[in-house]
Amino acid sequence: MSPSFKLQCHLILIFLVALRGESRYLELREKGDPDPFLLFSANLKRELAGEQLYHRALRCLDMLSLQGQFTFTADQPQLHCAAFFISEPEEFITIYYDLVSIDCQGGDFLKVFDGWILKGEKFPSSQDHPLPTTERYIDFCESGLSRRSIRSSQNVAMIFFRVHEPGNGFTLTIRRDPNLFPCNVISQTPNGKFTLVVPHQHRNCSFSIIYPVVIKISDLTLGHLNGLQLKVSAYLLSNR
């Protein structure tokens, strides 16, 4: 390989890394470790994606960033449970019902929410999401297996569930699908660079970070006015 060609390859690689930013992936530990989060490297995530379908048990309170098959089985009445799913900013999340064994008449439920609810706040907000709030909830006890898969509108989704009878539960498969023009995003990492492009769409979009960070808006194109492109550069400080 000639030095000039090698230099071109390095420049292309640097450009792609700058666009993509650093990535860290959240996954709950399998064992009873007091630290609730395990950070997966990008290499491990690619290895898991290239192998057979990933399997593990789902907990009453869980967070997942890997696609795979997840099974919840109640060992006692579990009345207030939720699982949060997150993928890359440029991906959708699709949830497939593989097996569901719950007693809807006895008060059990399994609901998918298109987005996240954190501390009573919805992401994306009602102003930003393309669907009305009532349509963002999909209740298995109402739809049954007539709707075997549900795709999110952004890179996050979650489920709420309640199971009274020990031994009952469900199995879900989580897949990630490409989203060419992400509009609402939750970032998995407190650093990196991301470009949000919304071509020819008149809608609100948002980019949320759940860490205290300093945000630099390096290039914000608001539109065109009298043939001139309006651009803004700014620093923002998040102390959440």
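**Exercise 1.** Decide whether Phe194 is buried, partly exposed or exposed.

*Solution.* Begin with the cut-offs, by which buried means under 20% relative accessible area, exposed over 50%, and partly exposed in between (1.4 Å probe, protein chains only). Phe194 has a relative accessible area of 26%, so Phe194 is partly exposed. The model is predicted, with local features needing pLDDT of at least 70 and side-chain atom pairs counting only at pLDDT 80 or more, whereas totals for chains, interfaces and linings use all residues. Residues are numbered from 1 along each chain as its sequence is written, and side-chain values use heavy atoms, with hydrogens and water left out.

**Exercise 2.** Classify the aromatic pair formed by Phe194 and Phe207.

*Solution.* Rings of Phe, Tyr and Trp (its six-membered ring) pair if their centres lie within 6.5 Å, and planes under 30 degrees apart count as stacked, over 60 as edge-to-face and the rest as tilted. The count by this rule comes to 8 aromatic pairs. For Phe194 and Phe207 the centres are 5.0 Å apart with 25 degrees between the planes, and the pair is stacked. Phe194 lies in the loop between β15 (184-187) and β16 (206-209), while Phe207 lies in strand β16, 13 residues apart; strands here are DSSP runs (E, at least two residues), numbered from the N terminus.

**Exercise 3.** Find out how strand β6 (residues 78-86) is enclosed and which strands pair with β6.

*Solution.* Of the 9 residues of β6, 7 are buried, so the strand is largely enclosed by the rest of the structure. Two strands pair if DSSP finds at least two bridges between them. Strand β4 (residues 61-64) pairs with β6 in the parallel sense over 4 bridges, and Met63 has Phe84 as its bridge partner in β6. With strand β13 (residues 156-163), β6 pairs in the antiparallel sense over 7 bridges.
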